[in-house]
Amino acid sequence: DHLIPSTTLQTLVRSWLAEDIPSFDVGGAVVGDKDITASLFCKESGVLAGQQFFNAVFEQLDCEVEWTCSDGTVFDLKKGERRCIATVKGKARNILIGERVALNTIARASGIATRSREVVVLKEEKGWKGVVAGTRKTTPGFRLVEKHAMLVGGADCHRMDLSSMVMLKDNHIWSKGSITEAISNARKLCGFSMKIEVECGSEEEAIEAIDGGADVVMLDNFAPDELGKVSQRLKEKAPHVIFEGSGGITVDTIQSFMHPSIDVISTSWIHQGVPHIDFSLKVDLAAPKNNNSDDDDNNNT
């Protein structure tokens, strides 16, 4: 609960709300300041994520949220079934201001957590001891939500940003002239406290990176069998180095990359092009609805 600083959450939420209401809120003026309660429904199977962001949206709007479950809860729902998982209490206009922003956040976060869990389950089935990680290919302005969702689903965030770890990719190396030179210059600047990772497209490049002092060697776009053979030889040469497999890896192929000599598999499949989990927020009426009955309003606007 305390992983994300409250100041960071407040800054994010204010920017989201400002984007959604840059001027007049006519709908809010229509409903006014009547005290109401709304129920949050999960409407399809998946892993819940994004609670902190959902809460922060409504806290910014002086609303209270009460949950019946926590991040990481797995929902297994039948078609047409829905489950009430939270209530939001506050002024009518404030709840409606926060509704779409909050729903968008948990819908995407839960989609990422669901995919993350899917690949972690495959790792466990395989008995592989390495780490499944996401990438830095995240949505601008939404990275914190997406990285947090990976954690909720059981995956590793990989580096959070350019300042978290030095990663020397092909463009860095081509611009500098060689892997050895690039590593040498990076080490002078980052010091002892930061790891240096080098993207390598061949065994020869990987050996140069190891000899140059790389802490992590990414073996990029290797075929699964080739990855296993090359990483085994490299691991024997440099057991202290972390070896990462990456490039075009999806849920359908990931198990074929899970070799004993590979420490990390990174894939953007868990957070790019992710189907969102369907949630809806419904204002409570005088007579409560059956929690298991669906409705025709998909809240798509």
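Predicted model: local features only at pLDDT ≥ 70, side-chain atom pairs only at ≥ 80, totals over all residues.
Figure 1. Val283 is partly exposed, with a relative accessible area of 38%. Together with Phe24, Val26, Val30, Val31 and Leu96, Val283 forms a nonpolar patch on the surface. The accessible area of these residues together is about 600 Å². Helix α2, made of residues 26–31, gives the largest share of the patch, with 3 residues.

**Figure 2. The salt bridge between Lys43 and Asp278.** The closest N and O atoms of Lys43 and Asp278 are 3.9 Å apart, and the two residues form a salt bridge. Lys43 lies in the loop between β1 (35–42) and β2 (46–47), while Asp278 lies in the loop between β11 (264–266) and β12, so the pair ties together parts that are 235 residues apart in sequence. Lys43 is buried, with a relative accessible area of 8%. Asp278, with a relative accessible area of 26%, is partly exposed.

**Figure 3. The salt bridge between Glu199 and Lys169.** A salt bridge joins the side chains of Glu199 and Lys169, with a distance of 2.8 Å from N to O. Because Glu199 lies in strand β8 (residues 196–200) and Lys169 in the loop between β7 (166–168) and α6 (170–176), the pair ties together parts that are 30 residues apart in sequence. Glu199 counts as buried, at 10% relative accessibility. Lys169 is partly exposed, and its relative accessible area is 29%.

**Figure 4. The salt bridge between Lys235 and Asp263.** In the salt bridge of Lys235 with Asp263, the closest N and O atoms are 2.8 Å apart. The pair links distant parts of the chain, 28 residues apart: Lys235 is in helix α9 (residues 224–237), and Asp263 is in the loop between β10 (242–246) and β11. At 19% relative accessibility, Lys235 counts as buried; the cut-off for this class is under 20% relative accessible area. Asp263 is partly exposed, with a relative accessible area of 24%.

**Figure 5. The open sheet of 6 strands.** The strands of this sheet follow the order β6-β11-β10-β9-β8-β7, and their pairing is parallel. Strands β6 (131–133) and β7 stand at the edges, each with a single partner strand, so one side of each is left without a neighbour in the sheet. From one strand to the next, the twist averages 25°. Strand β9 (residues 216–220) is joined to β10 by 5 bridges, and these two strands run parallel. Within this pairing, Ile242 in β10 is the bridge partner of Val216.

**Figure 6. Strand β8 and its neighbours in the sheet.** On one side, β7 is joined to β8 by 3 bridges, and the two run parallel. Val166 has Ile196 in β8 as its bridge partner. A further 4 bridges join β8 to β9, also in a parallel pairing. The bridge partner of Glu197 in β9 is Val216. In a regular strand, side chains alternate between the two faces of the sheet. Both faces of β8 are covered: one side carries Ile196, Val198 and Cys200, the other carries Glu197 and Glu199, and all are buried. Since 5 of the 5 residues of β8 are buried, this strand is largely enclosed by the rest of the structure.

**Figure 7. Helices lying across the sheet strands.** Helix α7, formed by residues 179–190, lies across β7 and β8 and runs at about 160° to β8. Helix α9 lies across β9 and β10, running at about 160° to β9. Lys235, the salt-bridge partner of Asp263, belongs to helix α9.

**Figure 8. The whole chain as the setting for the close-up views.** The secondary structure of the chain comes to 9 helices and 12 strands. The C-alpha trace spans about 70 × 40 × 30 Å along its principal axes. Among the 301 residues of the chain, 48% count as buried. The accessible surface comes to about 15,300 Å², and 51% of this belongs to carbon and sulfur atoms. Of the contacts in the chain with a separation of 6 or more, 72% are between residues 24 or more positions apart.

Notes
Residues numbered from 1 in each chain as written. Heavy atoms only, no water. Patch = residues over 30% accessible without salt bridge, like charges linked within 9 Å, V, L, I, M, F, W, Y side chains within 5 Å. Areas by Shrake-Rupley, 256 points an atom, 1.4 Å probe, with all protein chains shown as cover. Salt bridge = Lys/Arg side-chain N within 4 Å of Asp/Glu carboxyl O. Buried < 20%, exposed > 50% of the residue type's maximum accessible area, 1.4 Å probe, protein only. Pairing = 2+ DSSP bridges. Axes fitted to C-alpha atoms, helices over the stretch in contact; angles between N-to-C directions. Contact = heavy atoms within 4.5 Å.
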